[in-house]
Amino acid sequence: MSVTWRPRLAEGTGPVLTVLVVLVVALAFTGSAYTEVTGYLALLKRAAPLVILAIGQYFVVVSGGFDLSVGSLVTAEVVIAARLINGDDGNIAWVVPLLFGFGLLVGLVNGLITTKLLVPSFIVTLGMLLILDGAVFLWTGGAPRGDLTPSFRVLGRGSADLPIAGQVPWSVLILTAVLMGAALFMRSGKGRTLVAVGDNEETVRLAGGRVDRLHLLAFVLSGLLAALAAILLAGFAGVSAQVGRGLEFRAITAVVLGGVLLGGGRGSVVAAAAGGVSLEALFSLLHLVGVSGGLESAVQGVIIIAAIAYAAHGAGLRRLLRLHKPEPVT
């Protein structure tokens with residue numbers, strides 16, 4: 001008896017990939033820049049910080065939490081980098097580890113307060129968002145000082161010359177590496193247990209799983225990836241006291257667009273990443289057709305409501321469709 005192996009997509013991945021394909025085709029018909037590969041590489045370059053944030057947000061959401069602090073953390077990281085580097089390439093060697101250390105520290109604080117003091121992650125990270133916003137404003141007065149050098153900005157705005165592919169943005173290569181690492185992690189035992197924590201925390205605890213450590217790990221990964229996203233965004237967009245504003249909601253929108261269940265227990269990291277790219281593609285399409293950028297927040301709200309509604313009623317709809325599916329003819 002021969003066994004035929006067929007690859008299977010994780011639940012929620014198929015719909016978001018379909019949406020992404022539709023958006024890519026629409027971009028090709030709408031904008032001349034998207035008739036060539038370089039146009040889509042530019043799209044991925046713009047989307048890379050958001051997708052990396054979405055991957056970090058995925059770890060927290062799939063385990064049953066929220067991280068609303070990542071947007072303010074991105075802003076703080078960019079402001080810190082500009083102030084400390086201040087036009088001197090010699091400072092990059094110690095500033096970059098400091099940025100990752102700060103991201104780790106914020107994630108650690110979020111995780112410890114959530115797990116040890118039993119404060120809901122929504123409240124903890126909302127508080128952290130306000131703390132970081134206030135600290136940045138007090139430090140800068142609303143006008144960041146300092147300068148990022150071209151060497152620091154190369155990861156966000158530069159490209160690598162690869163033998164076959166040609167010029168590929170560094171941010172796209174970094175995003176690819178992060179996504180591959182995240183996908184491999186989620187296929188490991190710890191990754192599967194992280195999803196199980198979001199589904200039924202008590203069952204994992206009774207089975208001997210270290211639930212608090214897993215929650216802590218999710219927040220730390222989110223903080224580290226926010227630091228990486230900040231480095232790429234600083235290179236691409238420069239220094240601003242508003243550079244990370246609203247990114248936390250975009251990241252959550254990308255995650256739910258990827259079919260990840262709010263509350264945890266279900267979802268694919270690849271789908272969450274595809275949700276981030278789809279969101280950036282959608283906003284690019286809206287810009288090309290002349291829709292006001294002010295509608296972006298409304299679009300995100302519609303996506304979140306629709307995704308949650310589908311998660312709540314989609315299972316029943318799928319069962320109904322299966323009941324009415326005609327029997328195969330033998």
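Tyr58, Phe59 and Val62 in helix 2 meet Leu194, Val195 and Gly198 in helix 8 (contact means heavy atoms within 4.5 Å). The model is predicted: local features need pLDDT of at least 70, side-chain atom pairs count only at pLDDT 80 or more, and totals for chains, interfaces and linings use all residues. Residues are numbered from 1 along each chain as its sequence is written, and side-chain values use heavy atoms, leaving out hydrogens and water.

**Helix 2 and helix 8**
- The axes of helix 2 (residues 37–62) and helix 8 (residues 189–199) come within 8 Å and cross at roughly 50°.
- Helix 2 is therefore oblique to helix 8 (under 35 degrees counts as roughly parallel, over 145 as roughly antiparallel, 65 to 115 as roughly perpendicular, the rest as oblique).
- Axes are lines fitted to C-alpha atoms, for helices over the stretch in contact, with angles from 0 to 180 degrees between N-to-C directions.
- Helices are DSSP runs (H or I, at least four residues), numbered from the N terminus.

**Salt bridges**
- The whole structure holds five salt bridges (a side-chain nitrogen of Lys or Arg within 4 Å of a carboxyl oxygen of Asp or Glu).
- Glutamate 280 pairs with arginine 46, the closest N and O atoms being 3.7 Å apart.
- Glutamate 280 lies in helix 12 (residues 269–288) and arginine 46 in helix 2, so the pair ties together parts 234 residues apart in sequence.
- Glutamate 280 is buried at 12% relative accessible area; arginine 46 is partly exposed at 27% (buried is under 20%, exposed over 50%, partly exposed in between; 1.4 Å probe, protein chains only).
- Lys116, Glu201, Glu202, Arg205 and Asp212 are linked in a salt-bridge network.

Definitions and conventions: Helices (H or I, at least four residues) and strands (E, at least two) are DSSP runs, numbered from the N terminus.
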